[in-house]
Amino acid sequence: MNDRPSDRSHDMEKMFSRFAAAYIADRDLRGSVEFPFSVWKAMGEEGLLGLSVPERFGGMGGSLQAVSRAGEALVREGHNLGIAVSWLIHQITAGSIIARVADEGKKELLLPGLARGGATACLAVSEPGTGAHPKHLKTKARRHKEGFVITGEKTYLTNGPIADLFIIIAVTAVEGGKNRCTAFLVPRETPGLSPTPPLDLPFLRPSPHGGIILDDCPVTADAVLGPAGTAYEDMVVPLREYEDILTMGPVLGAMEYQLKLLAGVLAIEAADMDRAKGPLGELRYYIDSLRILAREAARLLDGWRNAGERLSLTLFFRTAARTFQERIAAFRNEFPRSDSAELRDMAEDLNALLAVAGRAAETKGRKLGESVLAGVDRESP
C-alpha cells in the first residue's frame, strides 16, 4: 500500500499557527525546566503529533515539506524553539523511522498511539564520551534464549525523559572490524532499563534531554525493528539529514520572531529610523531566501532526490543562518534600544541548535571541496 504523504502543507501550516498562538505564545516555556505535558496532550488531541504519520495509521499524512512549514509556524507564532524541537524529533521518530522501516504489524501497533500522543518514542544512539560514531558504540545486544540481552548506556536523548518507548541502537556483530548494529524497541518499564536524571541544559527549554542505563535488559526477538545488522545505515545515517533539513523550519520561525521583536521594540528617532531600514531589509531578504531554500530541501528529501544538492543546501543554510545571527547581534549593538531579553534568549537557542553536529558539517564541507579538486585536470596550466 502506498504510504506517500499527501501535500496539504499550507492548510496544515495554518493549523499549527493557530495552535501555537493559542497554547504556546503566552507561556514562559523557556523559563521552565518542567516539560509542558498539557501542551503535548493538546497537540495530540488536535492531531498535530501525527502530522508525519500516514493517514491509514491515524495521522495527517503530511509531507516533509509540511513538517518543515509546521515547525516554522510553531516557533513564529509560539515564540519558543524548545517545544518545536521536541515536536520535530517526535515527527522524525514516528514518520521517518518507524513508518519507514517497521513491518506492518509494528506500524499498526505503534503509529496510532504516536499520532494521538498516547505514546512518545525516542531514538537512543549517542553514548557518553563517544557520541554516535558507529566505530565507538559500546552498547551491545547478545543473544539469550529466545531473545536478546542489552547492556550499555545512552545519553543526550531528545525527549528521553518523557519517552514511553526507546529505539535502542546496539552492536550485535563485528564484521571486518566494523560494528554491525540492530535496532530494538524497548518499553520504558522493561526490567534492566533505568533512566538517568534529566540534563539541565541552559538552552532549548523545555525540550527534555536525558539518558538511560541498560543493565542486562531482556527483550524478545520480535523487539527487533527493521533488518538486523543494518540499523546504523538504515536509521542513524538518514536521521542526521532528516534533522538537518527539517530543523530549517523551526530556525526560520525563530528568525521571523527575532525580526518582529526588532521592529516592535525599536523606539528611535526619525533619523535613526531611516538608518535602520537598510539592516532590517537585509534581515528580511535573508529570511525570504532561506525559506525558499528550506522548502526545496524538504521537497528533495521527500523523494530522496539529488543527494548532492540536498547536502549543499543544508550546508549553505547553516552558514547563512549563522550570518543572520551575526547581523542580529550587530543591529543590537548599533541600536541598543532594540535589544531585549527575549531577543537574546532566542539567539542563544538558535546558536545552540545551529552548533549541533557542527563538526560533521565541517567534514561534509571538506568532502565537497575534495570533489571539486578531484574534478580538476591536474595537467592543465
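1. How many positive and negative side chains does the protein have, and how far apart do the centres of the two sets lie? There are 46 positive side chains (Lys and Arg) and 50 negative ones (Asp and Glu), with His and the chain ends not counted, and the two centres lie 2 Å apart, each charge being placed at NZ of Lys, CZ of Arg, CG of Asp or CD of Glu.

2. This is a predicted model, in which local features need pLDDT of at least 70 and side-chain atom pairs count only at pLDDT 80 or more, while totals for chains, interfaces and linings use all residues. Residues are numbered from 1 along each chain as its sequence is written, and side-chain values use heavy atoms, with hydrogens and water left out.

3. The protein contains 11 helices and 8 strands, taken as DSSP runs (H or I, at least four residues, for helices; E, at least two, for strands) numbered from the N terminus. The radius of gyration, over C-alpha atoms, is 22 Å, close to the 21 Å of the globule rule (2.2 Å times the number of residues to the power 0.38) for 381 residues, so the protein is as compact as a globular protein of that length.

4. Of the 381 residues, 51% are buried, meaning under 20% relative accessible area with a 1.4 Å probe, protein chains only.

Conventions. Buried < 20%, exposed > 50% of the residue type's maximum accessible area, 1.4 Å probe, protein only.
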